[in-house]
Amino acid sequence: MKRQDIEASITCFPICDYAFIQIKDIPFKEEVRHICRTECPRYGKSWSCPPAVGTVEECRSRCEAYEGGFLFTTMTEVSDMENMEELLSTRKEHEELTRRIKDLFIKQHQELLVLSTESCALCEDCTWPDAPCRFPQRMLPCMEGYGILVTGLAERCGITFLNGNNLVTWFSLILYREALEEPGTGKS
Ligand code: SF4
């Protein structure tokens, strides 16, 4: 699929910003993994998060097996940014949109790696580590869990992530095996 075809297909989606990226521009940082390990309550609780996803180096090599990426954001307003329950409840819409955009790429590309935001919440109780993931085709590993400095990647791509008071910005990253054309940036 050509980049223009993807751009034409997503015009009807509520995407805030997007960019076609090169894999070499993804900043992998051990510091991000350190934050997961020391500050995130989801560390060691899900197949979508470390340590289940492997070391940062393993995540980097997995990503480097792809030829390009499509980074995009959506934005949602909440009444209180400190209210984690309300904030996380807005993520579902973003994840569904991510799966719809994934489908656009699947039509043209045989293999994808799709990363999204936060820990997977498809099941009330994750099977990790006792049994395989129940929905491996729907589960979206977390970008930060891969050791990706999401704000750094956004800055490199010219994507805004501080969108104002009470506005949550959700990110997803779709890696594909076939190059679409010269990577670049676009905004809807
Ligand atoms: S789909 Fe279910 S089993 Fe798989 S990572 Fe998500 S919560 Fe865990």
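The entries below go from the ligand to the core, then to the helices, the loops and a few distances.

**Ground rules**

I am working with a predicted model, where local features need pLDDT of at least 70, side-chain atom pairs count only at pLDDT 80 or more, and totals for chains, interfaces and linings use all residues. I number residues from 1 along each chain as its sequence is written.

**Ligand**

I looked up the shell around the ligand and got 13 residues, with W47, C120, C123, C126 and C133 coming nearest. My cut-off for being near is a C-beta atom, placed from the backbone, within 6 Å of the molecule. By class, I sorted the shell into nine nonpolar, three polar and one charged. For that sorting, Ala, Val, Leu, Ile, Met, Phe, Trp, Tyr, Cys and Pro count as nonpolar, Asp, Glu, Lys and Arg as charged, and the others, Gly among them, as polar.

**Core**

Next I asked which residues have the most contacts inside the largest nonpolar core. They are L71, M143 and I174, in a core of 37 residues. Each of β1 (17-21), α2 (30-39), α3 (56-64), β2 (68-77), α5 (91-106), β3 (112-115), α6 (150-157) and β4 (167-176) supplies at least two residues of this core. The biggest giver is β4, with six residues. I take helices (H or I, at least four residues) and strands (E, at least two) as DSSP runs, numbered from the N terminus.

A nonpolar core here is a set of buried Ala, Val, Leu, Ile, Met, Phe, Trp, Tyr and Cys residues joined through C-beta atoms within 7 Å. I call a residue buried if 20 or more other C-beta atoms lie within 10 Å of its own, exposed if 12 or fewer, and partly exposed in between, with C-beta atoms placed from the backbone. As background, nonpolar side chains tend to be buried together in soluble globular proteins.

I then listed the contacts of L71 (C-beta atoms, placed from the backbone, within 7 Å). Leaving out residues up to four places away in sequence, L71 touches Y18, A19, I21, L153, C157, I159, F171 and L173.

**Helix α5**

Which residues of α5 are buried? I found H94, E95, T98, I101, K102 and F105. Seen down the axis, these buried residues fall within an arc of 120°, so they line one face of α5. The arc is that of the directions from the helix axis to the C-beta atoms. Among the elements covering them are β2, β3 and β4. On the other side of α5, I noted K92, E96, R100 and D103 as exposed.

**Helix α2**

In α2 I found V32, R33 and C36 buried. Their arc around the axis is only 100°, which puts them on the same side of α2. They pack against α3. On the other side of α2, I have E30, E31, H34, T38 and E39 as exposed.

I spotted a cis peptide bond from P50 to P51, with omega near 0°. P51 sits in the loop between α2 and α3. Another cis peptide bond joins W128 and P129, where omega is about 0°; P129 belongs to the loop between β3 and α6.

E118 is also in the loop between β3 and α6. Its phi is near 70°, a positive value in a residue other than glycine. I count E118 as buried because 22 other C-beta atoms lie within 10 Å.

**Across the chain**

R156, in helix α6, is partly exposed, with 17 other C-beta atoms within 10 Å. Its C-alpha is 7.4 Å from that of D25, although R156 and D25 are 131 residues apart in sequence.

F13, in the loop between α1 (3-9) and β1, is partly exposed, with 14 C-beta neighbours inside 10 Å. Setting aside neighbours within four places in sequence, I find F13 in contact with L97, R100 and I101.

Definitions and conventions
Contact = placed C-beta atoms within 7 Å.
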